[in-house]
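Subject: Structure handover and notes

Hello,

Here is the structure I promised to pass on. My notes follow below it.

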Amino acid sequence: MNFIDLLKRIPEICKTPETLPLEGKKLILDFVTWLGSLVGIAVPPWVLTLVNILVVIVAIIAVFLIMFALMSVWERKILARAQNRYGPNRVGPWGLFQPVADGIKMLTKEDIVPRNADKVVHFIAPIVMLVPALILPVLLPYGRGMVAIDLSVGILFFFAVGAGSEVAIFLAGWSSRNKYSILGAMRAIAQMISYELPLVMSAVIVALVAGTLSPTGIVEAQGGYQFGFFPNWFVFTPWGFVACVLFYFSALAESNRSPFDLPEGESELVAGHLTEYSGFKYALFFMAEYVGMFAINGLLVTLFLGGYQAPLPFLTFIPSWCWFFIKLAFLAFSLVWVRATMPRFRIDQMMQFAWKFMLPMSFAALFSAAAWHYAGRGLLGWGISAVLVAIPYFALGYFCFTRHHSADNRRYLFSE
Amino acid sequence: MHELFQKIIALPWDQAPQWLFLIPAFVMLMGAAAAVMLRNLIHCALCLTLSFIALGVLFMALGAEFVGFVQLLVYVGAVAMLILFAILLTPAGEVAASNNPLRNFKFSRAFAAAGGATVALLVLVSLLGAIFFSPHARAVVPPAQAAIAPVKAIGENLLNHTLLPLQATAILLTAALIGAALLAKEEKKS
Amino acid sequence: MTLTPQTVLDRVHAALPQARIELLNNPSPSGQHSLLVHRDDALEVAQFLKNDPELLLDYASNVSGVDYPDHLEAVYHLFSIAQKQGPIVLRTRTGDRSGDACLPSLTPVWKSADFQEREAFDLLGIRFEGHPDLRRLLMWDEFVDHPLRKDYVAPEDYEYEPTPHGEILAKISAPASQA
Amino acid sequence: MTEADGAGAQTLDVSLGPQHPSTHGVFRMNVRMDGETVVKLQPVFGYLHRNHEKLAEGKSWLGSMPFTDRLDYICPITNNWGYALAVEKLAGIEVPDRAEYIRVIVGEMTRIQNHTAFLGFILGDMGAWGSALMYAFREREKILDLFEGLTGARMMANYMRFGGVRCDLPAGWLEKARAYIETYPAFLDEMEKFLTGNEILLSRLQGVGVMSAERAINGGLSGPVLRASGVDYDIRKVDGYGVYPRLKFRVPRGTVGDCFDRFMLRILEIRESIQILQQAFAQIPQGPILNPAVKTRGFKPPVGEAYGRIEGPKGELGFHLVSDGGEKPYRYHIRPPSLINLTLLEEMCVGTKIADVMVILGSIDIVLGEVDR
Amino acid sequence: MNFPGSGIFKGMVVSAINLFGSYFDRAHAKRLITEQYPEERPTLPEASRSFPFLVFDGDPEKGIRCVACKICEKECPPQCILIEQDRDENGKLLRRPKVFNIDISVCMGCQICVESCPFESIRMDNIYEVSSYDRFDSLVLPKEKLLKSNEYYHSIHPTEAAETDARIEAARLKKEAAAKAAAQKMAAAKAAAEAKAAAEQSSQPESQA
Amino acid sequence: MMLQVILAISAVLFCFGLLATLTRSNAIMVLIGIELMLGAGNLNFIAFWKFSTHPELLTGIMFAIFSIALAAAEAAVGLAIVIQVHRRLRSVNVNRATQLKG
């Protein structure tokens with residue numbers, strides 16, 4: 001093997017966009033082997049393992065941090081446009097360097113720790129927040145064969161590690177010794193515990209149908225097309241659609257996004273658990289929230305939107321990993337769209353929504369999925385499944401919302 | 001020099017050594033010790049959380065991946081949170097301290113602590129004795145197979161061999177949920 | 001019935017003959033003549049004005065304190081929402097400006113007087129007896145004087161902050177030195 | 001941090017404000033909470049106190065006019081109107097017809113922009129990320145542009161004078177205003193589509209901060225807040241000041257008295273204001289805009305006192321003026337609707353959640369410039 | 001169509017219309033009304049006002065309309081005007097200001113000085129970029145900075161300036177007419193006096209004679 | 001030897017739990033101690049499973065799973081009781097909760 005051969009392989013790799021990341025990884029490994037041959041030693045397998053791991057870690061972190069940077073400016077752009085403003089357009093072309101400016105600002109800001117704060121915990125909290133967020137992306141399948149760790153208990157792993165962020169929010173809120181912070185922390189925990197249930201339940205439904213907890217297996221189960229054009233994604237089934245919406249809302253709540261941003265609800269709690277954080281620590285929280293949001297939406301893509309599968313058969317020429325990121329971008333856009341539209345829930349309403357609406361609906365979706373599974377995937381199964389989710393939806397919707405609150409139940413009198 | 005380098009390289013680095021599980025075990029014990037000893041309740045609970053995480057990792061290191069993740073999910077995600085919540089909801093009031101009947105006996109507290117510690121130590125000694133010196137423990141233990149527990153097998157086992165316990169657990173959990181909700185419900189002020 | 005100060009006065013006289021209440025003329029073109037009620041009878045009269053089925057002055061819109069050279073006054077502008085009439089102006093007078101500056105609070109009758117009576121207490125120093133929560137409203141609790149009194153003198157260096165305006169003010173206030 | 005009160009409940013005292021995102025300025029509430037439920041609430045005022053009433057006693061009668069702009073800085077023109085009306089009562093000044101119509105036009109446009117801004121603000125208090133606020137401000141901006149074309153300033157108009165208005169409508173202004181008001185119902189429909197059906201908004205507003213008509217009257221509430229409680233009381237109808245008796249409009253009132261009624265009442269009032277404006281545009285006569293008998297300099301009303309009030313966008317805005325016949329007011333007292341509408345804040349808030357406090361405060365629609373004066 | 005969640009759905013549609021609509025709103029008419037300030041400048045309406053300035057006709061020294069009557073200083077509600085009357089070398093007061101300062105950190109642009117000025121001398125400017133790094137001296141505008149020509153006044157407030165000029169012209173004409181009348185009267189009186197004197201003179205010799 | 005080491009670790013963990021349960025008067029600390037002891041038990045199950053002759057039977061794993069479920073239920077009910085006790089007695093001191101003594 002020599003360097004020229006390696007160089008020659010680059011155009012070859014570029015010709016196969018489908019497996020571009022995989023081939024790139026192989027190229028790096030070969031490059032390391034070649035470097036070893038230069039020194040005159042046979043590169044032992046553990047070095048290659050190490051390099052392999054490092055490449056994957058660096059790639060995932062780099063991709064997610066770049067996405068975070070882009071998202072932070074894109075979100076503001078979309079939000080601004082939805083509000084008929086221009087959004088950031090002063091730093092660089094179309095404001096694209098805004099994240100850089102933000103980063104510099106965050107890094108150079110004074111790091112303030114309240115005098116009464118529990119300093120150790122106050123320091124640890126952002127780290128504890130970031131670590132699970134950065135671990136989560138490892139198990140998402142980004143493309144065919146492109147998964148960092150193909151765990152057989154992947155979904156479980158996701159929820160188990162994701163539980164760490166709750167602890168971090170509690171640490172942040174409690175250590176600040178600020179009433180707003182502690183209220184925000186309490187809200188965060190209450191909210192996360194409540195929404196963990198529908199979140200896990202809707203994932204369980206998919207695991208039930210796909211028969212596996214492995215993300216790759218779930219994506220593979222959604223491959224293929226009905227009638228030659230209709231993708232077999234779970235979101236296009238009645239139960240899958242309901243579970244997907246439930247998962248989406250639970251994911252909003254888990255990542256503290258509007259309309260479930262009660263823990264940092266700025267109109268009541270100033271900034272909740274983030275009130276006493278500034279500078280780099282605040283940036284870490286911010287980063288962790290966004291990366292966590294990407295991760296949980298990546299899981300949504302994996303579970304319901306067919307992961308890296310192309311939506312239509314003739315679109316398969318686009319590499320699979322592109323599809324994953326396109327779907328992720330669409331979800332990110334929808335998050336901002338929701339944020340631009342909705343007011344925030346109140347704490348008790350949010351809990352009621354979780355326990356009285358989301359949880360029963362997730363059970364209904366579970367039954368519906370079971371019916372779909374056993375009644376066959378034809379029209380009959382489709383119909384039964386649809387009825388099984390539609391009836392609870394309208395019933396719960398009526399009893400939870402319409403019965404209590406409706407604009408139609410008000411009368412206004414006029415006097416001349 | 002070059003030979004030494006070659007030797008280091010030649011070590012079986014890609015196989016995790018047997019003793020690696022001692023790291024999470026150590027973290028776990030430290031966490032548990034801190035959880036027991038610290039005065040600040042929140043710090044206790046946080047150390048307990050650390051201990052739980054390390055215990056989960058230890059389970060994984062021992063090959064029980066599924067149990068490890070369940071441990072993380074249940075203990076870190078739920079139990080630790082419940083404990084933290086309970087600590088915040090039950091601040092130690094001044095009233096409680098002053099009305100403490102045991103306060104009248106100055107030494108009783110220290111005495112109780114010493115007694116508890118003695119009992120715990122005795123239990124520990126007897127347990128360690130049983131583990132290391134009892135003839136039963138010295139019986140030949142088969143060398144560790146590469147024991148793994150595939151998720152599918154666990155699932156099938158749950159629904160085939162242990163279906164009744166599973167259902168009983170489900171009922172128990174439901175009962176616990178309702179019971180806890182009823183217990184914690186605030187009584188209507190008359 | 002049309003509510004005018006005179007009709008109200010007659011009604012009060014008829015119902016509460018012992019109440020010391022008189023009509024005060026207002027020379028202004030506005031013609032808003034007022035009823036001066038003695039402070040000891042004010043609460044009773046107020047209750048009557050609010051509850052009497054003919055008057056139903058249920059809405060105390062405005063309460064203001066006025067500083068006159070020898071006494072302080074609290075002026076209540078009453079309206080009747082039920083009859084859509086008003087205003088009936090009710091005044092009470094303190095004995096003097098400093099030692100005997102108390103008046104009965106009408107907050108128990110009209111809750112709306114709450115903040116405005118506090119304000120009058122704060123800025124004019126009228127002590128309203130029977131007010132549920134008589135604290136300063138706008139000035140801070142440590143403040144001692146009552147700034148709306150005519151004899152109030154603002155301290156010179158009060159929260160002093162140098163502005164170019166200060167210099168100009170000084171020059172304006174001392175025009176003799178320029179000339 | 002936490003403390004046990006006599007009743008045995010574990011409570012938490014939080015000072016919301018004066019630096020807080022949704023207190024509409026520098027307003028502070030000392031809130032005692034049991035969990036997230038409010039058990040006690042004490043408003044604290046005075047952070048924006050300028051002693052406007054004292055300042056006015058040192059200025060000429062006209063000199064206080066620009067200061068009234070700064071009371072309720074969202075709707076300065078109606079403040080001007082209230083003051084001018086009170087002085088006109090005090091001095092017995094007649095106002096020419098054209099000036100009255102101009103007053104009605106700018107006053108109702110002020111009401112529209114105030115209520116529009118309210119729709120945005122209350123959504124902000126509910127935690128929406130400013131979309132409604134931006135739509136509202138977009139439309140408000142267009143009205144402010146019209147104001148700038150008329151009075152020279154977007155907000156600090158200083159437009160009314162005793163016995164009329166300061167300057168006549170510029171050429172083409174009336175047509176522009178009429179054309180703009182034509183487009184307003186469409187915007188309002190869009191806004192209603194955006195807001196009034198939203199389930200989250202409904203559940204946040206309905207049944208929150210309910211106030212009975214009886215308590216509302218006793219507590220001195222006024223304006224839309226009073227009418228939301230079901231009281232039919234509009235000073236434009238009751239006093240019939242200006243040329244309002246000549247204009248046909250309806251007074252909406254609610255039936256429940258909660259935040260949602262207050263919210264909807266603003267929308268209904270905007271629609272009525274549009275009706276009024278269209279009539280005023282059609283009826284406005286030519287003529288003088290200022291009573292020539294009134295002097296600009298050295299204005300001295302006769303001895304006496306007067307209380308004049310108008311139906312401001314936020315409620316009853318009254319001025320109690322006492323004159324000793326001099327160039328300066330002897331006593332100048334404002335009845336600020338924002339302050340007095342806060343009288344019942346505690347009654348509305350106790351028993352609700354902390355998030356509701358913000359919504360209730362938002363539904364009362366206060367401006368701190370007016371509360372603290 | 002009133003299924004649970006329909007209100008939220010409608011709201012989402014509205015925000016989406018605004019989101020995409022703002023990209024097709026190049027005319028800056030309906031949705032995007034933000035002005036990109038340093039590049040785009042607002043076209044101010046004629047009535048727009050910010051801070052006062054002093055009008056002069058022709059020459060800034062001689063044509064200054066202000067006569068230092070101090071009415072605006074007295075009427076100004078926040079008292080931000082300072083005027084000192086000029087004197088000639090003999091110490092005699094002149095009808096022009098020596099110092100005319102306006103503290104625009106205090107001025108609130110209420111226009112009361114303009115209304116009270118009997119000499120049409122002080123008028124409202126529409127400048128809006130007056131920020132500075134210094135809170136003190138640069139925010140007190142002296143006479144030199146306040147003096148602006150009548151042409152400038154015409155350029156910012158054409159209608160009002162034309163009215164003012166017409167008023168001044170009318171006043172001037174009236175004054176001239178009065179002066180002329182007075183002059184004529186004087187002349188007539190003089191002539192009469194002269195005639196009388198002449199008559200007297202003519203009569204005197206007669207008498208003397 | 002490895003089994004013994006793991007069992008010893010588990011024994012130490014158990015005794016920490018026991019220590020907390022016996023010496024601390026705060027009910028929450030008692031609960032923490034119980035959780036630690038349950039964790040030690042789980043560790044034992046896993047250890048015995050790993051070194052059993054038939055690991056494919058998964059008996060230890062099953063036990064551990066059920067034990068975790070039970071522990072969760074126990075924690076929920078226990079903490080609910082603690083909160084209720086605190087509400088009545090204004091204290092979480094186990095020495096104060098003597099009303100059931102009779």
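Contact here means heavy atoms within 4.5 Å. One caution before the rest: this is a predicted model, in which local features need pLDDT of at least 70 and side-chain atom pairs count only at pLDDT 80 or more, while totals for chains, interfaces and linings use all residues. Residues are numbered from 1 along each chain as its sequence is written, chains are lettered from A and ligands numbered from 1 in the order in which they are written, and side-chain values use heavy atoms, with hydrogens and water left out.

The size of an interface is often given as the accessible area lost when the parts come together. Buried area is counted that way here, with a 1.4 Å probe and summed over both parts. For chain F and chain B the figure is about 6400 Å², with 80% of it on carbon and sulfur atoms. Which residues of chain F lose the most area to chain B? They are Lys50(F), Phe66(F) and Ile68(F), which together account for 9% of what that side buries.

Two other pairs make no contact. Chains A and C do not touch, and their nearest C-alpha atoms are 14 Å apart. Chains C and F are not joined by any contact either, with 32 Å between their closest C-alpha atoms.

Chain B

Chain B has 9 helices and 0 strands. Both kinds of element are DSSP runs, numbered from the N terminus: helices are H or I with at least four residues, strands are E with at least two. Chain B has 190 residues, and buried ones make up 35% of them. The classes rest on relative accessible area: buried is under 20%, exposed is over 50%, and partly exposed is in between (1.4 Å probe, protein chains only). The accessible surface of chain B is about 11600 Å², and carbon and sulfur atoms hold 73% of it. Such areas come from the Shrake-Rupley method with a 1.4 Å probe; for residues, only the protein chains shown count as cover. Take the chain B contacts between residues at least 6 apart in sequence: 47% of them join residues at least 24 apart.

One residue to look at is Gly68(B). It sits in helix α4 (residues 65–89) of chain B. Is Gly68(B) buried or exposed? Its relative accessibility is 0%, so Gly68(B) counts as buried. Leaving out residues up to four places away in sequence, Gly68(B) touches Gly56(B), Phe59(B) and Met60(B). Leu50(B) is 18 residues from Gly68(B) in sequence and 14 Å away in space, C-alpha to C-alpha.

Chain D

Chain D has 15 helices and 10 strands. Its radius of gyration is 21 Å, close to the 21 Å that the globule rule gives for 373 residues, so chain D is as compact as a globular protein of that length. The radius is taken over C-alpha atoms, and the rule is 2.2 Å times the number of residues to the power 0.38. Along the principal axes, the C-alpha atoms of chain D fill a box of roughly 70 × 50 × 35 Å. Of its 373 residues, 70% count as buried. For contacts in chain D between residues at least 6 apart in sequence, 71% join residues at least 24 apart. The accessible surface of chain D is about 9700 Å², 54% of it on carbon and sulfur atoms.

Loops in chains A and E

Ser214(A) is in the loop between α7 (179–210) and α8 (215–221) of chain A. With a relative accessible area of 10%, Ser214(A) is buried. Not counting residues up to four places away in sequence, Ser214(A) touches Asp150(A), Leu151(A) and Ser152(A). Val153(A) lies 61 residues from Ser214(A) in sequence but 5.7 Å away in space, C-alpha to C-alpha.

Two backbone angles are worth a look. Arg177(A) has a positive phi of about 55°, although it is not a glycine. Arg177(A) is in the loop between α6 (154–175) and α7 of chain A, and is partly exposed at 40% relative accessible area. Gln79(E), also not a glycine, has a positive phi near 55°. Gln79(E) is in the loop between α2 (71–75) and β2 (81–87) of chain E, and is partly exposed at 32% relative accessibility.

Best wishes

Technical notes: Buried area = accessible area lost by both parts, 1.4 Å probe.
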